[in-house]
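Thank you all for coming; I would like to walk you through one structure, slowly, for those who have not seen it before.

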Amino acid sequence: MTSERFLGLIPAAGAGERMGQPKPKQYLDLLGRTMLYHSVKALLADTRIETVFVVLAPTDQEFKQYPWGEFGERVAPLFCGGATRHDSVLNGLLAASSTAEPDDWILVHDAARPCLGRRELQRMLDELAADEVGGILGVPVADTLKRADVAARIQATEARENLWQAQTPQMFRHGLLLRALGRTTKLSDEAGAVEALGLKPKLVQGSPTNLKVTYAEDLQLAQTILTSRGMKP
Ligand code: CTP
Ligand code: MG
């Protein structure tokens, strides 16, 4: 019988250059807390998730300045982030090896997605817990897609049938993920690495509200979404 244990892993060792702020975006203020706090809380909202490992830069001085006590032992910082997101996730998986069994589920979730909803997370665990491969949250592409030339003139209208936007969490078993990420360095998400093994991760219906905070204006939108759920500063 395979394991039903669920662990989270949040890569939070990036610099957040595209935000153009003096500090990394995971530590920017969002309703009086850090963005990282909201991402951790969102992942721990499902009580089936035992622990969330947070992968931080080895030089990180900020994490310990914030209170994490409300989560007790369920938050575990790992100071082993690398030069790329891929390196940070891989280093985190290796560091978590003392706790995680090869069959344990790992949910990799970006610190930059603080608005992950409880319902989507629950759906993901429900739909994938018995899956052979694992999968990711995503949303079917709703807009019409245009291919542009270098002068931003439309060259073609692309078919959007069966196209999805990938989000996080991305959920795979620890052993499989280590094997997949150990073989490649170029892919930007875990699913891509698993696909490269010839496997077919499942797409689980997510929500557009699980946005990724990349640019300064995204933070404002994240605040609006969290406020609409009753979260107060
Ligand atoms: N990340 C990481 N280690 C890196 C780079 C990124 O752990 N070396 C993390 C980020 O902290 C973030 C997630 O991966 O939670 C997604 O990456 P992205 O949104 O690109 O964040 P940054 O790399 O920090 O931002 P930018 O690319 O604008 O510098
Ligand atoms: Mg980046």
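I will begin with the chain as a whole and then turn to the ligand.

Please keep in mind that this is a predicted model, in which local features need pLDDT of at least 70 and side-chain atom pairs count only at pLDDT 80 or more, while totals for chains, interfaces and linings use all residues. Residues are numbered from 1 along each chain as its sequence is written, chains are lettered from A and ligands numbered from 1 in the order in which they are written, and side-chain values use heavy atoms, with hydrogens and water left out.

The chain holds six helices and 11 strands, taken as DSSP runs (H or I of at least four residues for helices, E of at least two for strands). Its C-alpha atoms fill a box of roughly 55 × 45 × 35 Å along the principal axes.

Now, which residues come nearest to ligand 1? Among the 19 residues around ligand 1, these are Pro 11, Gly 16, Glu 17, Lys 25 and Ser 88, where being around the ligand requires a heavy atom within 4 Å of it. That shell divides into seven nonpolar, six polar and six charged residues, with Gly counted as polar.

As for polar contacts, meaning pairs of N or O atoms within 3.5 Å, oxygen atoms of ligand 1 lie 2.8 Å from a polar backbone atom of Gly 16, 2.7 Å from a backbone N or O atom of Glu 17, and 3.0 Å from a side-chain N or O atom of Lys 212.

Note on methods: A polar contact is a pair of N or O atoms within 3.5 Å; within protein, one must be able to donate a hydrogen and the other to accept it, and residues adjacent in sequence count only if both atoms are side-chain atoms.
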